[in-house]
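Subject: Structure handover and backbone notes

Dear colleague,

I am passing on the structure below, together with my notes on it. Please read them beside the model.

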Amino acid sequence: MPDKEKLNEELKAAEIRQAALKQERDELGAHLEDLRRRLAIPNAAPSLPRAAESSTATTPKTPADKIALFRSLFRGREDVFARLWINEKKGKKGYAPACSHEWVRGICDKPRVKCGECPDQAFLAVDDRGIRDHLQGRHVVGIYPMLQDETCWRLAVDFDKASWQTDVSAFVETCRARDLPMVVERSRSGNGAHVWFFFESPVAAVLARQMGCLLLTETMSRRHQLGLESYDRLFPNQDTMPRGGFGNLIALPLQGQARRSGNTVFLDDDLAPIADPWRLLATQERIAASRIQDLVGEAHR
């Protein structure tokens with residue numbers, strides 16, 4: 001008889017598949033209703049595509065509205081996030097989960113005990129204040145994109161070497177050809193970029209990563225002279241949650257201090273900074289799970 005862990009894994013996979021089928025059924029039902037409506041009304045205009053609908057979105061003006069929009073797009077685990085730490089004396093830096101017990105004597109045993117294995121975890125949840133501090137430059141927030149059920153709200157493709165501009169431009173061409181909405185962000189170092197895709201609902205991490213691999217493969221096949229040497233990794237970086245961990249994290253864009261240096265900003269098709277990032281985010285289209293399934297299914301065939 002299969003052990004309990006294997007049964008739990010099968011249950012989790014079945015639940016993810018069920019959610020994806022429900023999403024596809026709901027979207028198909030909406031499409032059928034639209035077709036029936038258009039057949040019933042002579043010369044009825046077709047429904048606006050999502051991109052056209054989102055173009056009328058209102059650009060957020062208040063700090064609260066901006067934070068709400070930002071959190072709705074750059075979603076990861078809500079129960080834990082990471083902050084950048086820097087040890088100037090030793091010349092080291094890294095990320096650690098934000099915890100109210102951090103360095104508390106008698107409770108925190110870092111670095112002997114890893115945060116993911118600590119019995120006294122008191123991780124801080126993502127909240128508006130933490131995001132505001134990130135946007136204003138008080139600290140750097142990193143999110144864990146893979147949720148506990150091994151799904152994700154978005155995919156990021158990381159380019160991080162000398163040829164990143166050429167490679168990112170070629171990758172964006174592939175996305176445009178596929179009619180896949182995305183945004184490009186210059187990384188914190190200034191010598192790389194992240195290409196972000198946002199989903200309407202959580203998608204299995206393995207499915208999102210397969211979409212990213214498909215787009216990378218198509219880019220190389222369309223531009224044979226490119227080796228995409230600057231490509232680094234996908235976020236989420238794993239298909240499944242590592243035991244005792246959270247998966248790889250990614251730093252959020254628009255970090256206040258880095259933004260003042262021209263980094264963590266969004267770029268246009270010429271890789272120049274976009275003047276109004278909030279309008280860009282307000283009009284950003286999100287990809288349906290069924291669209292990703294179709295792409296991956298096509299690649300498998």
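Helices (H or I, at least four residues) and strands (E, at least two) are taken here as DSSP runs and are numbered from the N terminus. The model is a predicted one, in which local features need pLDDT of at least 70 and side-chain atom pairs count only at pLDDT 80 or more, while totals for chains, interfaces and linings use all residues. Residues are numbered from 1 along each chain as its sequence is written, and side-chain values use heavy atoms, with hydrogens and water left out.

If a contact is taken as heavy atoms within 4.5 Å, then 73% of the contacts between residues at least 6 apart in sequence join residues at least 24 apart.

Helix α5 covers residues 164–177, and its end C-alpha atoms are 20 Å apart, which agrees with the 20 Å that its 14 residues should span at 1.5 Å a residue; the expected span is 1.5 Å times one less than the number of residues. The buried residues of α5 are W164, D167, V168, A170, F171, V172, T174 and C175, and their cover includes β4, β5 (183–186), β6 (193–204), α6 (205–222) and β9. After α5 comes D179, with a positive phi near 60°.

Two further backbone angles deserve a look, as does one peptide bond. Most residues other than glycine have a negative phi, and most peptide bonds are trans. E150, although not a glycine, has a positive phi of about 65°; E150 sits in the loop between β3 (141–143) and β4 (151–159) and is buried, at a relative accessible area of 18%. T264, likewise not a glycine, has a positive phi of about 55°; the loop that holds T264 runs between α7 (256–259) and β9 (266–267), and T264 is buried at 0% relative accessibility. Finally, F235 and P236 are joined by a cis peptide bond with omega of about 10°, and P236 belongs to the loop between β7 (231–235) and β8 (250–251).

Note on methods
Buried means under 20% relative accessible area, exposed over 50%, partly exposed in between (1.4 Å probe, protein chains only).
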